[in-house]
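Keep the viewer open and find each residue as we come to it.

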Amino acid sequence: MMQEKPPFPSKLLHLSLLVFLLTILDNGVQCFQGKKVLSMHKFHWKQESASSSCLSQKSRWENGAVILEMKHKDSCSGKILDWNKKLQKRLIMDNFQLRSLQSRIKNIILSGNIDDSVDTQIPLTSGIRLQSLNYIVTVELGGRKMTVIVDTGSDLSWVQCQPCNRCYNQQDPVFNPSKSPSYRTVLCNSSTCRSLQLATGNSEVCGSNPPTCNYVVNYGDGSYTSGEVGMEHLNLGNTTVNNFIFGCGRKNQGLFGGASGLVGLGRTDLSLISQISPMFGGVFSYCLPTTEAEASGSLVMGGNSSVYKNTTPISYTRMIHNPLLPFYFLNLTGINVGGVEVQAPSFGKDRMIIDSGTVISRLPPSIYQALKAEFVKQFSGYPSAPSFMIFDSCFNLSGYQEVEIPDIKMYFEGSAELNVDVTGVFYPVKTDASQVCLAIASLPYEDEVGIIGNYQQKNQRIIYDTKGSMLGFAEEACSFY
């Protein structure tokens, strides 16, 4: 009896290849084994692309979750005439803020306030550091819509208030508490006022007649806000938060890009997340969009994963907890570049922050050098360009329509994985792509605190479960709609 011949091998090969190609094409980015192809038109920024209006962010209620539209702060900054200067200034400020943080860390260690021999005792004091503050949402405070910057590295939310002794220019009308019947001041002897030390890094200051609770927050780039702590109705979509505690800023200066203030998503009792925890179970997530004017992402309050649009399964890692250091610390256990696992002694040291307010990720020198060496090895076919500031791996890609980029995957305790989006691998120092740099930098010293910045978080669903002390990653093409 004659046996039936198996299918012709080449037909199987062609069919498998077709299925493979259909599954890897996504948003114009072609994925090959360990690599992605980036179209260089993404770096040719339109000089007039930013909108002058801040009040374009929307919200909705879906399956028990509040979803706020999230956009990059540049969409709130008016017309940008010179993107080259804008991109370089952002990098300069980000680097300045990093130095401010590391200086604060060293001062605390030298003062003997924190035992640096314990891995989880990372020497940080508060969320008043590393504020590049790049993403905005619209909320309603006291019945008035206002656009605020979102930051996981800050706790006390605040807006500019009338009468304002010194205020920067903002797009929305300045909040006037005297015209709101629901506004109340917080008194100096209250437990809320005593919480300011952990939330802001500064002790409370008592006012007089009445004894109001005054606050001061100083940011690493020289920006600041000061005023009194108050309570007001806050609306998130169709959800009302009564007696929301925030700072009513009377003196405010800095690079806040026309926004009305800031909403803190940190871990102390005064953060927005802690105040709405009874409603949403201490779970929030975001998907950070790219910087194009039309791009949008989402900030989700609540843990119903059915409202996410992730294209890969969510993988979770534990948060490193310390009640004195209310930040989102993770344990980075490995990095893969183009399918190759890099080796370094600083993996697994519990010394990594994930932060939405920092732009560029900073890694301990041993990890960065290993990542850089492997990346440059795999990207060696492209012409180099001069280094720029913190970036020492730069390329001239102006002559290319598209380039093939090695994947960068970050692994965290518990097998969680952050697969860096193709838009988060290179930073365009020049918008004609003649100087494009690997968008990750080295810390000066091995024992400093590393940071996963927002540039490497783009097009990811990042889930913060503050009650379960877990943080999740999943790939998602960010869109509010």
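Predicted model: local features only at pLDDT ≥ 70, side-chain atom pairs only at ≥ 80, totals over all residues.

Let's begin with the backbone. Find Gln-162 and follow the chain to Pro-163: the peptide bond that joins them is cis, with an omega near -10°. Where does Pro-163 sit? You will find Pro-163 in the loop that runs between strand S8 (158-160) and strand S9 (184-185).

Next, look at two residues with a positive phi. One is Asn-243, which is not a glycine and yet has a positive phi of about 55°. Asn-243 has its place in strand S13, which covers residues 239-253. Is Asn-243 buried or exposed, or something in between? Its relative accessible area is 36%, so Asn-243 counts as partly exposed.

The other is Ala-433, again a residue other than glycine, and here phi is near 70°. Ala-433 belongs to the loop between strand S28 (426-428) and strand S29 (436-438). With a relative accessible area of 0%, Ala-433 is buried. The cut-off for buried is under 20%, which means that a value of 0% falls within that class.

How many bridges join S28 and S29? These two strands are held in antiparallel pairing over 3 bridges. To see one of the contacts between them, find Pro-428 and look across to its bridge partner in S29, Val-436.

Now let's turn to the charged side chains. The structure has 7 salt bridges in total, and we will visit some of them. Start with Arg-60 and Glu-62, whose side chains meet in a salt bridge with an N to O distance of 3.0 Å. Arg-60 is partly exposed, at a relative accessible area of 24%, and Glu-62 is also partly exposed, at 26%.

Then move along to Asp-350, which forms a salt bridge with Arg-318; the closest N and O atoms of this pair are 3.9 Å apart. Asp-350 is buried, because its relative accessible area is 10% and buried means under 20%. Arg-318, on the other hand, is partly exposed at 35%.

Stay with Arg-318 for one more stop. Which side chain does Arg-318 meet in a salt bridge of 2.5 Å, N to O? The partner is Glu-413. This pair, too, links distant parts of the chain, since Glu-413 lies in the loop between strand S26 (408-412) and strand S27 (416-419), 95 residues apart from Arg-318 in strand S17. Glu-413 has a relative accessibility of 25%, so this residue counts as partly exposed. Because they share partners, these salt bridges join Arg-318, Asp-350 and Glu-413 into one network.

Conventions
Residues numbered from 1 in each chain as written. Heavy atoms only, no water. Helix = DSSP H or I, 4+ residues; strand = E, 2+ residues; numbered from the N terminus. Buried < 20%, exposed > 50% of the residue type's maximum accessible area, 1.4 Å probe, protein only. Pairing = 2+ DSSP bridges. Salt bridge = Lys/Arg side-chain N within 4 Å of Asp/Glu carboxyl O.
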